[in-house]
Amino acid sequence: MNKIILITIIASIFSLQSTPKISSTDPIKLSEVRTWAYQLQKIDWEGSVDKLVSSKYDMLVIEPTRTDWSSDTKSFDIKSAVTKIKNSKAGNGINRKLAIAYIDIGEAEDWRWYWTWSTKWKKGTPRPTDWPSYILTHDPDGWDGNYPVAYWDSKWKDIMIYGKNQNSNPYGNYTSAIDEAIKDGFDGIYLDWVEAFEDTDVAKEAKRQGLNPEAEMVKFIKEMKDYAKKRNPNFLIIQQNASELYKNHPELFNYIDAIAQEAIWYDGSATDGNWNNKNGYDDKQDTELTNYYIKDLDQHKKAGIPVFNCEYAFEYAEDAYKKSRAKGYIPYVSRRSLSSLTTTLP
């Protein structure tokens, strides 16, 4: 055999043996995600999971329905749904999708598994006597059943992270929000209401207790990171909004794997969950605020933090995608209700 041909064959064999195999069971790397979707309602409706599975999105952020005790949603088999999502391919056709659980860390929600108190607090009246003291005020945007909390309180941290003193009877052995996400197989958590430190009532209470609300939020996120990583070294922490939090606390970049910012260019004001509510999209964001977000997000990119964004647009969807891509963000364009996969595809 010709010596050159023999050397070529040997080299080819060596190359094949030394090249690591890429398995379809491996999740796509967060740094390689190019598309994502965000759905918080109707996950348990017939066909919803199938649509998520058959979609070509690289990452899906969804409501962990089992922790919603307001209806039969709590009986939905979210663990099986997450397994199906993780068994489906990402957009590159090789790796599997990432499945991320939505968690509101800055507000208590009166439909969650941990809520054991009365459910009515009329605005302008004293907080009900049976409610815990860490619940401070009403949601400033009008979302019913949502209440900003003193997130530094040990009892709230126990609900979100440590799960040492929870009683979830009769619906199961629930411990903490992070534990439940890990138990159901999620690859990470998506932190909503990180901006709680900006709320007037929350900041006022922090000051009364001699605390810095920004520093306490960063500490809170670090505790989540440390706790989750001990249980799953690959567990992801994605921060939503509060893009300015890093300014006085650059160490935050060590505790988050990505940031997602809502409404950089387009917003919606609807809080009724109605997909067809025209107030839920196409509100042009104030230019000054847009520039403010971009300036902060540029710093995240410089620090190597992937930047996702969610724009609420329909008629302006194409513009939203174009502007997002131009900045190097990974966009999702939908409607405020987030009750379905978007009809304005990337």
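Is I237 buried or exposed? Select I237 in this predicted model and you will find that the residue is buried, with a relative accessible area of 0%, a value that falls under the 20% cut-off for burial.

I237 belongs to strand 7, which covers residues 236-240. With I237 still selected, show its surroundings: leaving aside residues up to four places away in sequence, I237 touches I189, L191, I221, K225, Y255, I256, D257 and A258.

Next, select helix 4 (residues 154-162) together with helix 7 (residues 213-231), whose axes come within 10 Å and cross at roughly 35 degrees. The crossing of helix 4 and helix 7 is right-handed. To see the contact itself, display W156, K157, M160, I161 and Y162 in helix 4, which meet K219, F220, E223, M224 and Y227 in helix 7; the residues of this contact divide into 7 nonpolar, no polar and 3 charged.

The last stops concern backbone geometry. Most residues other than glycine have a negative phi. Select W193, in the loop between strand 6 (188-192) and helix 6 (200-208), where phi is positive at about 60 degrees although the residue is not a glycine; at 8% relative accessibility, W193 counts as buried.

Then move to D282, in the loop between strand 9 (266-267) and strand 10 (283-284). D282, which is not a glycine either, has a positive phi of about 70 degrees, and it is buried, with a relative accessible area of 16%.

Conventions
Residues numbered from 1 in each chain as written. Predicted model: local features only at pLDDT ≥ 70, side-chain atom pairs only at ≥ 80, totals over all residues. Heavy atoms only, no water. Axes fitted to C-alpha atoms, helices over the stretch in contact; angles between N-to-C directions. Helix = DSSP H or I, 4+ residues; strand = E, 2+ residues; numbered from the N terminus. Left-handed = near helix turned anticlockwise from the far one by under 90°. Contact = heavy atoms within 4.5 Å. Nonpolar A, V, L, I, M, F, W, Y, C, P; charged D, E, K, R; others polar. Buried < 20%, exposed > 50% of the residue type's maximum accessible area, 1.4 Å probe, protein only.
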